[in-house]
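The following report concerns the structure shown below.

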Amino acid sequence: MGRAFHELCHREKPPRRGLFSRLPPKALPQPRRGPNVTGVPVQLTILGSGSAGNCAYLETEETRLLIDAGFSGRQIRQRLASIGRTPESLHGILITHEHSDHIQGLTSLCAKLQVPIYCNRLTKEAIELQLEARFDCRMFSTGATFEVGDVTVDTFSVPHDAYDPVGFLLRTVSGNIGFLTDLGHATRLVVERVRAANVLLLETNHDLKLLQEDTKRPWSIKQRILSRHGHLSNDAAAETAEQIVSAELRYLYLGHLSRDCNTPELAHQVVSGRLQRAGATHVRVESTFQDVPCPTLTL
Ligand SMILES: [Zn+2]
Ligand SMILES: [Zn+2]
């Protein structure tokens, strides 16, 4: 990965190679294979996030992964191309659950590539039924930890109206990245499993008032969204962030926003306000978008 790529991705922001260097020694993430002496940076790009599609890309020295594939295959290819990457170089696609905003690109991507999908059994069955296709799946049991190259993947159950939805904590030599979207409420298990995150993608789905006032959605859908197996509101996400936050958490990405019932400004205001009041001024709160990738984060 050349310097040009690094600079391209950070046009408006200073380089973040020293992301964890300001932390006291006790707060440094514990690398599984010793410090990152290779000089190959670990990079995360949220290719897009929102209630109409979710996909992120993680790259380490040995491993290139997608986390969910909730855009068309063409969109995913285009968004990877915007950071100089192709689906052909992927080592795997991790899937949280079978809702279409997390899997709609799988058919097209996997028809052309020999890329394995990592998911649990119920999710595999639901995806194959829904997309009417068979996939090369490496199945894990929810709660299990496994490795893909030099990335260690922790999985944990989240309360959401899917067959067996999960969140992930991806452990790399440069830090831990948590994925926590699509959950109706934050269980103690969820909070414990992502507390080691240095970077976290957290759902801020809706603003309660905007959802209640929304005229497009019938009452039954609103009830589903608001249920304990639905989605986190901005307020619920702020409370969850406060429970999760540690000295090790450096970046908090706000994701899976409803297009009609939320705005990035509102979500940002609620969550960062809550963290400020809790004294967590060291956490940088970032917005994500449905239509465009976030600038690449180098850990
Ligand atoms: Zn979703
Ligand atoms: Zn979902």
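A residue is called buried under 20% relative accessible area, exposed over 50%, and partly exposed in between (1.4 Å probe, protein chains only). By this definition Gly175 is buried, at a relative accessible area of 0%; its place is in strand S10 (residues 175-180), strands being DSSP runs (E) of at least two residues, numbered from the N terminus.

This is a predicted model, in which local features need pLDDT of at least 70 and side-chain atom pairs count only at pLDDT 80 or more, while totals for chains, interfaces and linings use all residues. Residues are numbered from 1 along each chain as its sequence is written, ligands are numbered from 1 in the order in which they are written, and side-chain values use heavy atoms, with hydrogens and water left out.

His97, His99, His160 and Asp182 coordinate the zinc ion (ligand 2) at 2.2 to 2.4 Å. Donors are N, O and S atoms within 2.8 Å of the metal (3.2 Å for Na, K and Ca); water is not among the atoms, so sites may look incomplete. Asp182 also coordinates the zinc ion (ligand 1), 3.4 Å from the zinc ion (ligand 2). Two of the donor residues are listed with their accessibility.

| Residue | Relative accessibility |
|---|---|
| His97 | 1%, buried |
| His99 | 21%, partly exposed |

Elsewhere, seven strands form an open sheet of mixed pairing, in the order S6-S5-S4-S3-S2-S1-S14. Its edge strands, S6 (137-139) and S14 (297-298), each pair on one side only; two strands pair if DSSP finds at least two bridges between them. S5 (residues 117-119) and S6 are parallel, over three bridges, and Tyr118 has Arg138 in S6 as its bridge partner.

Notes
Helices (H or I, at least four residues) and strands (E, at least two) are DSSP runs, numbered from the N terminus.
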